[in-house]
Amino acid sequence: MQEASDIQASAVSPSGNLKAVLRQTTEDKPKRYVEIWAGDLLRVSKDVTSMHGSFCAEEALLSLSFSSSEDTLLYSAEANDPASNDAASKDIDQYERFRYTPALGEGFPGKKRPSLYLLRWPLSANNDTRVTNESITLTPLAISSEQTVMLIAQAVIVDNNRLFARGYEYMSSGRLLGVKGCYNRPAAIWEFRLPEAATNTAQELSVGRRLTPEDRSARSPHLSPDGSCLVWISNAVGGAHSSCATLHCMDIRSGEQRVLVDTIWTPRDSDGFPGLYEPVLPSKTFVSLGKGPYVVTSSYWRSRTTLLLISVDGGEVKELTPLDADLFSWTILSTDSKNRIVCARSSPSVPHEVVLGEIDNDLCVSWQLLVKPTLTLEVQKQLSKVEASIVLIPNQSPTEVVLIRTKSAPASTPCVSMPHGGPHATHPTAFSAASVAMALAGYTCSLVNYTGSLGFGETYIRKLLGQCGTLDVQDCIASVNHLIGENISERGHGKQFVSGGSHGGFLSAHLIGQYPDTFTAACIRNPVISCGEISTTDIPEWYFFEFGLPYDSQTIMTPEIYATLFAASPIAHIDKVKAKVLLHMGLVDLRVAPTNAMGYYHALKGRGKVVEMLAFPKDSHPLDGVETARICWESSRDWFDLAQE
């Protein structure tokens, strides 16, 4: 019997007969196991605790792939630090345990050496027999010496003897830029040859070829169920951390490559296809219909996430879940590789549901609700009071807001503007417990998708570069003024508030500094306050590219650059702030140095402003710990309530 809380990742074999499970116990000194299940029978179990560190189950690093013969499993885990191996300590350089090794940054605590491991077991016609431990081999796969400037992840086995994988590349300075949420990193799809011998000692991967050019950041390689083609997605290297993606396809036999979905710069019309915006393809992304193989994936389409059906033969794109009255946002979970898909959907007033879709040969889909959340009568009653809409902001194209409020809310209801972080992200119409709860607490929530947001075309993403702190601020204040003009909210004391984190915190601080008479109070989480003080951030290039400055391995902060960044920072407007400010700060934030919030707090307090700050010692950039999330929401509500007095 498997303990679900122990499972880090799982995958089903090509035939569907086997399931691989990476399991780590929750003890103080956890143990790790790789398991192969045939139905309810545990066929293979390997204790790998001493072989390597924690499994790499994060989507940016995860490898979990069966060979077509189903006697081999490839997976990713953090390699042991050689300096921590007591048995080998006498054989290594005494300085080894202090030698600096760049880490993967925010969201990957302790991850520095993601590596591949090859588990092999003997084939057996009798799947009812458990394989003995003596016949199982585990081979650590090393990268050849000439390829040590990259880390290998997202690997898939092809033809039993080779693999395709994503290679993260170090900069020539030795820096490894932060990975989480960043799809512009130097990274390529590579072909490698697997070692033939099944041994328990490390073996070197034989490098085949690089499939993708240096100006594209490639990721998420997926092999079609019949093994005929490989698909992956890519974004431009450098510039915005996230942008409009390209979907590629390669014929496995011939090696011929094609672009299935190219970058969309500007949609043909206001409701036209805006391009592909997807961090990674789902683990099972293919379906096979009468007209050929297709890829199913999720993507932003303006202020929603929707499902796209993409022909592998011709690249045609069909939206499976167009905008409806319920404003549902959709996410693909998996497919059966035939014609069925499992999805999650939600809207501002409908918590996440699990839905089964069946696609016919005319590319029409029928839906069946599988799982609906169990809600108390009181919760159902409260959610029935909530309404949502998408409001376009005139003369600020493509800016729009997702508006969430109660159905009976008058214009006198206080309004909270909530710009998202990123800045290249999007507030979708998906269910957000925090926003709904704020609406039910008596506030109108305006979730602002300003210029630079995903889902509107690459033109608008590029437009923000060099204009952060001006164009995005103008879009946000225009949304405030438009809602007032439409009698959705009002001006005056206790009527306008602002809240945001990261770049949303940057915008919140800008708004209360540039428009001090508009906002009564602000709640700001891990904000970017002084852009020239990059210190411990894992994304130093963000502070250059987003403000229109070049960045490479030789870039350093000069007085001239600092002056430019200071002028574009909220700290430049500190003396004009009138709003009451509540700051939330994660003390182990690797993305935005905590000194940003600290400096802002002391600068405000030194000027006699009303300011408070809550610091969370174990939380990083998202501030998403269970207790932390509750405290952040409750303190924000209380702060806004008090500011109305």
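Helices and strands here are runs assigned by DSSP and numbered from the N terminus. With that naming, Val588 sits in the loop between β31 (580-586) and α8 (595-606). One thing before I go on: this is a predicted model.

Let me stay with Val588. Its relative accessible area is 41%, so Val588 is partly exposed. Together with Leu587 and Met598, Val588 forms a nonpolar patch on the surface, and the three share about 220 Å² of accessible area.

The loop that holds Val588 also holds Arg591. Which residue does Arg591 pair with? The partner in the salt bridge is Asp538, at 2.8 Å from N to O. Asp538 lies in the loop between β30 (521-525) and α6 (542-545), and Arg591 in the loop between β31 and α8, so this pair ties together parts that are 53 residues apart in sequence. Are these two buried or exposed? Asp538 and Arg591 are both buried.

Now the other salt bridges. How many does the structure hold? There are 21 salt bridges. One of them joins Glu319 and Arg304, with the closest N and O atoms 3.3 Å apart. Glu319 is in strand β20 (residues 317-319), while Arg304 is in the loop between β18 (292-300) and β19 (305-311), so the link is between parts 15 residues apart in sequence. Arg304 has a relative accessibility of 4%, and therefore counts as buried. Another salt bridge runs from Arg345 to Glu353, where the closest N and O atoms are 2.9 Å apart. Both of those residues are buried. There is also a network of salt bridges, which links Asp159, Arg162, Glu191, Arg193 and Arg209.

Next, a pair of helices. Two packed helices are described by the angle between their axes and the distance between the axes. For helix α4 (residues 471-485) and helix α5 (residues 503-514), the axes come within 10 Å and cross at roughly 70°. Angles of 65 to 115 degrees count as roughly perpendicular, and α4 and α5 therefore fall into that class. From α4, the contact uses Asp472, Val473, Cys476 and Ile477; from α5, it uses His503, Phe506, Leu507, His510, Leu511 and Gln514.

His503 comes up again with His420. Where is His420? It is in the loop between β27 (415-419) and α2 (433-440). His420 counts as buried because its relative accessibility is 4%. Leaving out residues up to four places away in sequence, His420 touches several residues, including His503, Gly504, Tyr450 and Ser453. As for Ser535, 115 residues from His420 along the chain, the two C-alpha atoms are separated by 23 Å.

The loop between β27 and α2 also contains Pro423. A cis peptide bond joins Gly422 to Pro423, with omega about 5°. A cis peptide bond also joins Ser397 and Pro398, with omega about 10°. Pro398 is in the loop between β25 (386-392) and β26 (400-406).

Last, some backbone angles. Gln154 is a residue other than glycine with a positive phi, near 50°. It is placed in strand β9 (residues 150-158), and at 6% relative accessibility Gln154 counts as buried. Ser337, also not a glycine, has a positive phi near 70°. Its place is the loop between β21 (329-335) and β22 (340-347). At 21% relative accessibility, Ser337 counts as partly exposed, because buried means under 20%.

Technical notes: Residues are numbered from 1 along each chain as its sequence is written. This is a predicted model: local features need pLDDT of at least 70, side-chain atom pairs count only at pLDDT 80 or more; totals for chains, interfaces and linings use all residues. Side-chain values use heavy atoms; hydrogens and water are left out. Patches are made of residues with over 30% relative accessible area and no salt bridge: like charges are joined within 9 Å, nonpolar side chains (Val, Leu, Ile, Met, Phe, Trp, Tyr) within 5 Å. Accessible areas come from the Shrake-Rupley method with a 1.4 Å probe; for residues, only the protein chains shown count as cover. A salt bridge is a side-chain nitrogen of Lys or Arg within 4 Å of a carboxyl oxygen of Asp or Glu. Helices (H or I, at least four residues) and strands (E, at least two) are DSSP runs, numbered from the N terminus. Buried means under 20% relative accessible area, exposed over 50%, partly exposed in between (1.4 Å probe, protein chains only). Axes are lines fitted to C-alpha atoms, for helices over the stretch in contact, and angles run from 0 to 180 degrees between N-to-C directions. Angles under 35 degrees count as roughly parallel, over 145 as roughly antiparallel, 65 to 115 as roughly perpendicular and the rest as oblique. Contact means heavy atoms within 4.5 Å.
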